[in-house]
Structures are given as C-alpha cells and as structure tokens.
Amino acid sequence: MPTWLIAGGWGLLAGSALLIGAFIGFFAHIPQKVVASVMAFGSGVLISALSFDLMDEAFNLGGFDATALGFLGGAAIYTGANWLLSSQGAKHRKRSNDLQISEDEQSGSGMALALGALIDGIPESIVIGISMIQGGAVSMVTVVAIFLSNLPEGLSSSAGMRKAGRSAKYVMGLWSGIAFISGVASLLGYTLFSGFSPDIISMITAIAAGAVLTMLANTMIPEAFEEVHNLTGLITVLGFLVAFVLTKMGG
C-alpha cells in the first residue's frame with residue numbers, strides 16, 4: 001500500500017475519534033463533569049506529545065531558530081483565526097453546557113462552528129503525515145495522543161450543539177466531514193512536504209505544535225476548569241504522564 005495512503009488512513013483513524021465522541025455526547029447525555037474530566041486528560045496527553053515528540057522532532061530537524069519561528073507562527077495564526085471565528089459565533093464551540101449560541105441567535109454561527117472545528121483539527125492531522133516523512137512509519141504516540149484528545153473534543157462540542165438546538169443530522173454531518181478532512185490533511189502533510197528540506201519540515205511541525213498548544217489553552221483547558229475546577233491540574237497531569245510513558249516505550 002502506498003505510504004501516502006497509509007498516512008491518510010492514520011489521519012482518518014485519529015479523526016474518527018471526533019465522530020465517536022460526537023455520537024456519545026449527542027445521544028448519551030454524559031454529565032458535564034465527566035466530559036470536562038476527559039477533556040482535561042486529553043489536554044495533558046496532547047501537551048506531553050507536543051513536548052516530547054513534535055517539538056523534539058522539530059528541533060532535531062531544523063534547530064532552535066526554525067522551531068521557535070514555527071512555534072510562535074503557529075500560535076499567532078491560530079490566535080488570529082480563532083479570534084475571527086469567535087466573533088462570528090464559534091467562541092464556545094467546545095463547551096458542553098448551554099453557552100453555545102444557536103443559528104437563530106446569530107446567523108452564520110453554524111458555519112463558524114464548522115470552520116472552528118476545522119482549524120482545531122487540521123494542524124494535528126498534518127503532523128501525523130509529516131511524522132511519516134523521515135522513515136515511512138507513523139509516530140504512534142502522536143496518533144494515540146490526537147485520538148485521545150479528539151474523543152472529548154467531539155463529545156463536549158456535540159453536547160453543547162444539542163443544547164443550542166442543532167439537529168443530530170447537522171452534528172453528525174459536521175464531525176463526519178471533519179474526520180474525513182483529518183484524513184485528507186494527514187495525507188497532504190506527507191505528500192506536500194516530503195520533498196522539502198529538514199528546516200521547512202521542522203518549521204511546519206512547529207507551526208502545527210504551536211497551533212495545537214494555543215488551541216488547548218484557549219478552548220479545551222478553560223472548558224475543563226469550568227466544570228472540575230481544582231481537579232483540572234491533577235487530571236491533566238495524569239494525561240501528560242500517560243503520553244510520556246507511551247513516548248518512552250516507543251523510543
């Protein structure tokens with residue numbers, strides 16, 4: 001099987017957690033404290049993967065300058081895009097409570113939610129494809145970390161969308177589309193950047209890492225803290241530890 005197709009498959013697998021979480025969140029009526037706890041755990045997993053897998057790989061490929069520029073650039077790009085979409089109604093897209101606004105309250109908020117979910121998921125998926133460039137093998141730590149973080153993301157967002165009055169067809173269609181685009185983004189991450197220099201690959205990896213960390217700080221961690229308060233740090237640390245162990249076992 002071609003490597004580019006395998007890259008797309010891994011991205012689709014990681015993205016499928018969004019749809020699984022969305023289905024559970026929409027139909028199972030999970031308590032908000034449970035949703036928030038899983039979100040805190042997923043945040044810790046991703047922070048660990050960023051620290052010991054993505055950033056380390058970026059540094060090894062391009063050194064400090066390319067890594068730092070990419071990391072700060074990714075944070076800036078995500079911040080700008082998130083600010084724009086938040087003003088259009090996507091500010092609380094990961095909230096499981098009743099803060100999400102409906103289409104009746106703000107026209108265009110449904111599209112803003114979809115685009116918000118897209119900018120949250122694409123950087124993670126691109127990283128999966130990029131991780132296969134060097135040796136053709138995917139970084140399993142990255143895939144597991146993204147899968148574990150996507151699950152509560154879909155769960156929390158869909159619960160909030162249900163409370164905002166959005167239909168099951170809209171919610172499942174949205175997350176099915178994002179899961180598919182995740183696979184495409186991973187495929188493109190491999191095919192588009194495989195011919196580039198290590199410095200460019202380093203910078204792209206760091207851009208994705210910066211965007212993901214900014215997303216965690218802006219959306220997932222605040223959602224977790226709102227519900228579980230002082231336990232957020234402990235749960236996040238547990239997620240971090242799990243991914244750290246996976247990193248060392250993979251090494």
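This is a predicted model: local features need pLDDT of at least 70, side-chain atom pairs count only at pLDDT 80 or more; totals for chains, interfaces and linings use all residues.
## Cavities in this model

A cavity is a set of grid points where a 1.4 Å probe fits but cannot get out. The volume of the largest cavity is about 60 Å³.

Let's look at what surrounds this space. Its lining is made up of Leu46, Ala49, Leu50, Leu54, Glu124, Val127, Thr142, Ala145, Ile146 and Val212. Helices α2, α3 and α4 each give two or more residues to the lining of the largest cavity, and α2 supplies the largest share, with 4 residues. In terms of residue class, 8 of the lining residues are nonpolar, 1 is polar and 1 is charged.

## The overall fold

Stepping back to the whole chain, the secondary structure amounts to 7 helices and 0 strands. Followed along the sequence, the pattern reads α-α-α-α-α-α-α. The protein chain has 251 residues, and 48% of them are buried.

Val212 is one of the residues that line the largest cavity, and its place in the chain is in helix α6. Is Val212 buried or exposed? Its relative accessibility is 3%, so Val212 counts as buried, the cut-off being under 20%.

Leu46 is another of the residues lining the largest cavity. Along the chain, Val212 and Leu46 are 166 residues apart, yet their C-alpha atoms are separated by 8.2 Å.

Helix α4 (residues 140–163) packs against helix α1 (residues 3–27) at an angle of about 30°, and the two axes are 6 Å apart. Because angles under 35 degrees count as roughly parallel, α1 is described as roughly parallel to α4. The crossing of α1 past α4 is right-handed. In the contact of α1 with α4, 16 residues are nonpolar, 7 are polar and 2 are charged.

What about α4 and helix α5 (residues 168–193)? The axes of α4 and α5 come within 10 Å and cross at roughly 155°. An angle over 145 degrees counts as roughly antiparallel, and α4 and α5 are therefore roughly antiparallel to each other. The crossing of α4 and α5 is right-handed.

## The second largest pocket

Now for an open space. The second largest pocket has a volume of about 210 Å³. Which residues lie nearest its centre? Of the 13 residues that line the second largest pocket, these are Ile77, Ile122, Pro123, Ile207 and Ala211.

The elements giving two or more residues to this lining are α2 (32–90), α3 (109–130) and α6 (198–228). As for residue class, the lining of the second largest pocket has 12 nonpolar residues, 1 polar residue and no charged ones.

## A backbone detail at His229

One last stop is His229, which sits in the loop between α6 and α7 (232–250). His229 is not a glycine, yet it has a positive phi of about 50°. With a relative accessible area of 40%, His229 is partly exposed.

Terms used:
Residues are numbered from 1 along each chain as its sequence is written. Side-chain values use heavy atoms; hydrogens and water are left out. Axes are lines fitted to C-alpha atoms, for helices over the stretch in contact, and angles run from 0 to 180 degrees between N-to-C directions. Angles under 35 degrees count as roughly parallel, over 145 as roughly antiparallel, 65 to 115 as roughly perpendicular and the rest as oblique. A crossing is left-handed if the near helix is turned anticlockwise from the far one by less than a right angle, and right-handed if clockwise. Ala, Val, Leu, Ile, Met, Phe, Trp, Tyr, Cys and Pro count as nonpolar, Asp, Glu, Lys and Arg as charged, and the others, Gly among them, as polar. On a 1 Å grid over the protein atoms alone, a cavity is a set of points where a 1.4 Å probe fits but cannot get out, and a pocket is an open set with protein on both sides within 12 Å along at least five of seven lines; lining residues have an atom within 4 Å of a point. Grid points are joined across faces, edges and corners, and a volume is the space filled by probe spheres set on the points. Buried means under 20% relative accessible area, exposed over 50%, partly exposed in between (1.4 Å probe, protein chains only).
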